[in-house]
Amino acid sequence: MSFFDILSLLGGLAMFLYGMRLMGDSLKENSSGTLKIAMEHVTNNPFKAFILGVLVTALIQSSTATIVITAGLVGAGILTLHQSLGIIIGANVGTTVTGQIIRLLDLNASGVPWLRFFQPSTLASVALIAGMIIIMSGRVKNARSVGGIAIGFGILFSGLLNMTGAVNTLAESGLVERIFSHLGSNPFLGYVTGAAVAFILQSSSATVGILQAFSATGMLTFKAIYAVIVGIYLGDCVTTAIVCSIGAETDARRVGIVNILFNLSETVLVLAAVFVIHRAGFLDNLWNQTVNSGMIANTNTIFNLSCALCLFPMLNLYEKISRRIIPDAPKSKGKDSKYQEKMDGLVTTFFDTPALALNACYELLMTIFNAARDNIEHAFQLLEHYDETLYKKILAEEDEIDRMTDRLSRYTMELLPHLQLEYHVTILDQYYKIISDFERLGDHAVNIAKNADGLEKHHAAYSDQALRELRALEDAIRDILNLTESAFRKRDIDAAREIEPRVQAAGDLVAVLKRNHFKRIQDGKCDTYADSSFTGLMIEIKRIAAACSNVGIATVVRVDPLIADHEHLYYANLRAGQDERYNASLQAARDLYLSRLEENSVI
């Protein structure tokens, strides 16, 4: 044994861990949106949740990631703690899939040439070549992520082969035999070793993989490795609980506690069962038997699956204990926002799964938009029938909108450094621009409400004719807001393209109303204060339409990124009448709004 043998072992370990991380991160980037949708549809049926936990963990190759995502969804209010219980148990079983893949080390292709394709040395080369072709060609959607999955798989097996070669060299020195003979004679030492390594590496799959690599020496026995495997469960779940607790809500922290409780129960159950069965003489043939990679993988799977089935009835007990360990936080006295649950959805644990973080941003953006739109509607109501209670409600809602906006703006800036895909960066850029537009909608609603309040305080009022004409303009703004919602919520390109002609038509309608208002001033039908108030009202309504126009533009640019480089020129050409579709939409909108005006008044 030499320094270079140890260096080779550590180098192989580094490649193995990096390959696993790269593959898992790329899988999460590509599938986290799908994972969220699947998790959102978890019912109160724990068995369905268990199956989902197994599948998700098998996909992203990390029980820690699955449980952290689950904790984030619980903290965001998308899942309840009770719904998450089955997922937690399933995640612990799903993590055994990695070991079953690594058992390909034992594949013997002698006499069957086609089996050589499934040997790790072949799979590593094929995966690395495929990954580089995908990334360099750029012809596959999300090429960077898909190529990252393939390259991660290749690096994982390359590292595993490097470790296997290194431990075979170490075996000749007798070091491996001495280490595992001590572990075999002292199960507690094996348990602590497994827990410590899993805690340091922050991955049970990686720790089991290392054990499988050491099995290539032919010196590992069942009595030496079973306690190590059981210890791995505890080491990994402690790391998970720590991650789940960082800046998390109460129920999210309980997810980590439930995971620890399950793994502690699992270790006690396995160790007790092995002790009893061994003392009964049923493990005599297996106890000193040399284990290979496949036997380690099977032992890990059997332990996890058996414990999951035995401990499944204790889920409700785990939930109760977690609530005892982490009691409900004292309720604040009126300080929480009415939208606190939506803001709580902006959790930092989602940073490793960008689709979930972006979805949390989207949900809060829609909440801001709906609150602002409701305020606009209430402000319109004040213009006809002033109500001080409604006026104060609008002001209070504006405070909520500002609070949500500040929280979301900070979160988007914190999220940006964690985004790797250009697609995700583009989405966040759109969201960041739209935040200010949605917030301004709320500001304009308040200004309209203050306009109505001013009329009330000055004992002034718009004429009946002006109010009738305003109803037609208000209808136009409602149409534009509805199109804005469809464009953003559904990423509806048709609705987005319809916003701009509606905005221009609404601008034409404002010009007509201003002209009619000027005529009423001439005729003495409107007092001085109402005149200045009406002018300010028209400005606010045009600004609402302009904010919606920005949202429509942002949606079109996101769907068709080529427009982004010449966005202003594109819309200048539209307004100049160089697009027949736009011209037709504009004329239809003008006819619609002017006809509505005629229904309420004579132009």
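Before the first entry I wrote down a definition: buried means under 20% relative accessible area, exposed means over 50%, and partly exposed lies in between, all with a 1.4 Å probe and with protein chains only. I also noted that this is a predicted model, in which local features need pLDDT of at least 70 and side-chain atom pairs count only at pLDDT 80 or more, while totals for chains, interfaces and linings use all residues. Residues are numbered from 1 along each chain as its sequence is written, and side-chain values use heavy atoms, with hydrogens and water left out.

**Entry on the whole protein**

Of the 603 residues, 52% count as buried. For contacts, which means heavy atoms within 4.5 Å, I noted that among those with a separation of 6 or more, 81% join residues 24 or more positions apart.

**Entry on Thr96**

Is Thr96 buried or exposed? Thr96 counts as buried because its relative accessible area is 4%, and its place is in the loop between α4 (81-94) and α5 (97-102). The side chain of Thr96 reaches the backbone oxygen of Val93 at 2.7 Å. This I set beside the definition of a polar contact, a pair of N or O atoms within 3.5 Å where, within protein, one must be able to donate a hydrogen and the other to accept it, and where residues adjacent in sequence count only if both atoms are side-chain atoms. When residues up to four places away in sequence are not counted, Thr96 touches Asn300, Thr301 and Asn304.

**Entry on aromatic rings**

How many aromatic pairs does the structure hold? I wrote down 12, where rings of Phe, Tyr and Trp (its six-membered ring) pair if their centres lie within 6.5 Å, and planes under 30 degrees apart count as stacked, over 60 as edge-to-face and the rest as tilted. Phe222 and Tyr226 form a stacked pair, with 5.7 Å centre to centre and 15 degrees between the planes. Phe222 and Tyr226 are separated by about one helical turn, because they are four residues apart in helix α11 (residues 222-245), and both are buried. I also noted a cluster in which ring pairs link Tyr362, Phe369, Tyr431, Phe438 and Phe488.

**Entry on Phe312**

Phe312 lies in the loop between α14 (293-311) and α15 (315-325), and Phe312 is partly exposed, with a relative accessible area of 23%. Leaving aside neighbours within four places in sequence, I found Phe312 in contact with Pro46, Phe47, Phe50, Ile89 and Cys307. Of these, Ile89 is 223 residues from Phe312 in sequence, yet the two are 7.9 Å apart in space, C-alpha to C-alpha. Phe47 lies in helix α2 (residues 46-60).

**Entry on two backbone angles**

I checked His459, whose phi is near 50 degrees, a positive value in a residue other than glycine. His459 is found in the loop between α19 (422-457) and α20 (464-489), and His459 counts as exposed because its relative accessibility is 76%. Arg491 also has a phi near 50 degrees, again positive in a residue other than glycine. Arg491 is found in the loop between α20 and α21 (493-522), and at 37% relative accessibility Arg491 counts as partly exposed.
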